[in-house]
Amino acid sequence: MVPLQQYEVGVWTALIFTGISLLLGLLQWVKNFPRHGEGKPIYWGKLPVAFMAVSAGQLLMVYIVRSNLAGFFALTNMYESLLAVALGMQGVCVFLFTLEKRYWQHPILLVLVQSMALGYLYWAMSLNSAIEPLQPSLVSYWRAIHVPIIMLSYSLLFLSAIGAGLYLWQLKTAKKTEAGLISETTQTTLDVYDNWTFACVQWAFPLLTIGIALGAVWANEAWGTYWNWDPKEAMALATLLIFGAYWHLRLQERASKVALQWIVILGLAVLLITYFGINLMGVGLHSYGRF
Amino acid sequence: MELAIVLLITLGLACVMGSLLPQENVVALDRIQYQFGDFYPYAKAMGWFTLFSSPWFIGLEALFFASVSLGSFHWLKPAYKQITQTVFLSKPNIEAFTKHKLNIPIKTQSLPHALATLEQALGFRFHVREISPSHWLLSAQKGWLGRVGPMVVHTGIVLLLAACLVGAFTDFLGQHVEAPSQKFFLSEAAVLNTSTPSPWWFGKLPAWQVRIDDFTMRFYPKAPTKVEQYETKLSILDPATGKPLASGALSVNHPFHYDGVSFYQASYQQTSGHFIKLNNTPPEKLMATETLVGRPYVKKKVSSHLTLWFFPLSRLTDGVQRNQLQVFAQVNGVLKGFGQKVSLAQKESTSLIEGDAPTQFKGFTLQYVKPEIATGVQFKGATEVEAIYLAFILLTIGFLMSQIPHWQVWGVLEADEKNHIQASLAWRAKKQLPALEKRLSQAVKALEGLES
């Protein structure tokens with residue numbers, strides 16, 4: 001039996017903390033357990049987010065330990081990128097909850113984030129976690145700049161899609177008056193989801209742009225061309241363009257809120273192909289992201 | 001604006017299509033030709049399999065370039081005015097706001113006092129236009145950098161697209177495989193592509209010659225089959241005199257630049273097999289590597305007394321991989337136990353023939369000649385790279401600036417005959433509206449709390 005590596009223990013611990021956070025979040029949502037921020041602050045109402053923070057911290061430690069063992073920044077394959085996305089999602093979610101009190105009243109946000117993170121962690125654990133030597137094209141300081149920025153932007157885009165999905169679901173299930181109007185409470189909830197989505201895209205879109213630009217600079221040094229129309233590059237550009245459309249329509253207030261959420265859902269579909277589809281197809285110059 | 005949005009989404013979906021369909025890939029095209037059946041010729045004619053160079057995709061790109069350029073210039077001027085010029089709104093204008101407006105009755109009778117309270121609570125500095133002593137118009141904005149940010153971003157995008165357009169008529173890209181000590185002109189390269197066909201290409205190929213001085217592959221000490229780095233040393237030669245103009249090294253992620261041309265480590269190729277010289281004469285090739293592929297060993301009967309078995313193997317010396325052959329000999333039939341794993345009679349021993357040094361073995365002189373490995377060098381002449389990097393810098397700075405919320409607040413302070421002041425406020429914020437409204441609610445409380 002192969003003994004567990006330090007970093008594998010770290011991932012297991014993160015998985016457990018994520019599970020606990022998800023369970024507590026579910027209780028807050030389904031059973032209406034006390035939530036932080038209702039009247040006076042209820043500190044144990046913060047527990048789901050606290051466990052999420054511990055899980056994110058644990059994943060961060062995994063990167064530190066793994067990078068130390070590898071001798072290079074350990075973000076090179078599918079296993080490590082899945083951990084990075086889970087870490088990014090949890091880190092940003094904790095940050096948003098800390099920043100905005102309104103989110104505490106909507107534990108479904110946390111539940112969905114943790115469900116997704118749990119899925120990614122579980123998937124990562126089914127992949128080969130061995131530390132492999134780097135191939136020459138990956139031996140570059142650009143890897144430690146380009147890849148984390150892209151991963152963080154992906155994490156933010158996943159979070160934005162959660163907000164958009166919840167908006168559409170809330171709108172569909174809301175009770176309407178005979179005139180087809182929704183209650184003020186429902187409208188407030190919709191505004192919260194819409195703000196969540198925009199807050200995420202507001203950072204994801206610039207980060208994705210900067211990440212792609214830095215990747216182009218790296219490609220110019222490694223492959224001799226800053227743009228190859230490689231499937232990963234073309235899909236990243238597609239993701240950028242779709243969210244670019246959302247960004248402009250949202251800022252210029254040229255589209256209805258519902259249309260905006262659907263654009264985010266379309267962006268999610270494109271993002272899924274960009275991240276998982278192209279990686280699993282193992283095609284093009286970015287095929288080292290496969291496993 | 002609407003056209004730009006439509007183009008953004010259309011280009012995005014076209015990119016998805018181009019990523020999922022095989023592009024200029026012969027093997028996959030064969031498969032897809034079978035799957036598409038009768039529809040294949042139509043799909044091919046529509047450029048589905050050469051999508052990124054198809055006329056309709058290039059047309060979309062051109063349209064996008066035109067739309068972004070013209071659109072940017074269209075709104076740059078009013079946006080610039082918005083920042084540099086102070087605009088005041090009258091009360092009817094403020095009333096025309098559908099939301100983001102409020103009216104506050106104030107008890108104080110002093111307009112300056114009301115203004116000072118408003119400024120303190122909001123953290124803004126207002127410009128004031130005095131219509132009359134009892135009627136003031138107010139205007140303020142905060143975070144002008146956030147308004148400039150999108151301008152910088154759009155300037156970056158226009159520069160980026162313009163640079164790509166220039167590159168489309170001047171760039172060249174080539175690849176050449178060459179063994180150490182050999183020379184070549186860029187015009188003689190095995191692959192040489194200009195960015196556009198000849199009549200439309202305005203670039204120039206350099207006249208100097210390239211000589212490959214050396215090529216090495218370095219392996220990971222702890223993983224001997226994994227390549228850590230490929231390195232090529234080369235010299236640029238004056239074609240007239242043959243003297244070096246420059247020399248340097250290139251490896252993956254570390255290109256070599258000379259005279260506007262960049263060289264990249266792209267590939268390598270073994271151009272000859274393994275050789276064994278026997279007794280120095282004749283210097284014949286006993287076998288080539290190709291013969292060994294897929295076989296554990298190759299047997300060569302040299303004479304009625306001597307048979308040689310050859311096994312390819314690799315060994316690391318000082319972190320550098322050396323290709324070698326291990327030679328096992330059978331003299332007068334004394335050699336036993338062949339199979340996948342060879343065991344030899346101890347007394348027959350073995351000999352490892354390495355490098356160029358001849359080795360004496362059982363009365364024979366054996367000499368191993370290592371295979372020749374040529375380096376694959378990619379070269380590129382691109383005039384627009386600096387402009388593209390500048391565009392990336394503008395994009396980065398512009399996006400960071402865009403994160404700063406730009407807030408505008410307009411107001412009217414009006415006193416009636418009874419000296420009761422009415423404050424009317426309207427505001428606009430593209431980002432962080434709740435934060436501005438939080439400040440405004442504090443301002444309302446402060447104004448309402450004023451004593452008469």
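Author: Helices here are DSSP runs of H or I with at least four residues, and strands are DSSP runs of E with at least two, numbered from the N terminus. By that count, chain A has 8 helices and 0 strands, and its pattern along the sequence reads α-α-α-α-α-α-α-α. Chain B has 10 helices and 21 strands.

Reader: Thanks! What kind of model is this, and what conventions apply?

Author: This is a predicted model, in which local features need pLDDT of at least 70 and side-chain atom pairs count only at pLDDT 80 or more, while totals for chains, interfaces and linings use all residues. Residues are numbered from 1 along each chain as its sequence is written, chains are lettered from A and ligands numbered from 1 in the order in which they are written, and side-chain values use heavy atoms, with hydrogens and water left out.

Reader: What makes strand 3 and strand 20 of chain B a pair?

Author: Two strands pair if DSSP finds at least two bridges between them. Strand 3 (residues 135–142) and strand 20 (residues 407–415) of chain B are joined by 8 bridges in the antiparallel sense, so they meet that definition.

Reader: Why are strand 1 and strand 2 of chain B said to stand at the edges?

Author: The open sheet has 5 strands with antiparallel pairing, in the order 1-21-20-3-2. Strand 1 (101–106) and strand 2 (127–132) of chain B each have a single partner strand, so one side of each lacks a neighbour in the sheet. From one strand to the next, the twist averages 15°.

Reader: Which helix packs on that sheet?

Author: Helix 6 (residues 111–122) of chain B does, touching strand 1, strand 2, strand 3, strand 20 and strand 21 (421–429) of chain B. Touching, or contact, means heavy atoms within 4.5 Å. The direction of helix 6 makes about 15° with that of strand 3 of chain B; axes are lines fitted to C-alpha atoms, for helices over the stretch in contact, with angles from 0 to 180 degrees between N-to-C directions.

Reader: Why is Asn253(B) called buried?

Author: Buried means under 20% relative accessible area, exposed over 50%, and partly exposed in between (1.4 Å probe, protein chains only). Asn253(B) has 4%, and therefore counts as buried. Asn253(B) lies in the loop between strand 9 (244–251) and strand 10 (256–258) of chain B, and has a positive phi of about 75° although it is not a glycine.

Reader: What value places Asn220(A) in its burial class, and which residues does it touch?

Author: Its relative accessible area is 6%, so Asn220(A) is buried too. Asn220(A) sits in helix 6 (residues 184–222) of chain A. Leaving aside residues up to four places away in sequence, Asn220(A) touches Thr225(A), Tyr226(A), Tyr264(B), Lys380(B), Val385(B) and Tyr389(B).

Reader: What makes Arg254(A) and Glu2(B) a salt bridge?

Author: The term asks for a side-chain nitrogen of Lys or Arg within 4 Å of a carboxyl oxygen of Asp or Glu. The closest N and O atoms of Arg254(A) and Glu2(B) are 2.8 Å apart, so the pair qualifies. The count between chain B and chain A is 1 salt bridge.

Reader: How many residues make the contact, and what area is buried there?

Author: Chain B gives 44 residues and chain A gives 49. About 4000 Å² is buried between the two chains, 69% of it on carbon and sulfur atoms; buried area is the accessible area (1.4 Å probe) lost on being put together, summed over both parts.
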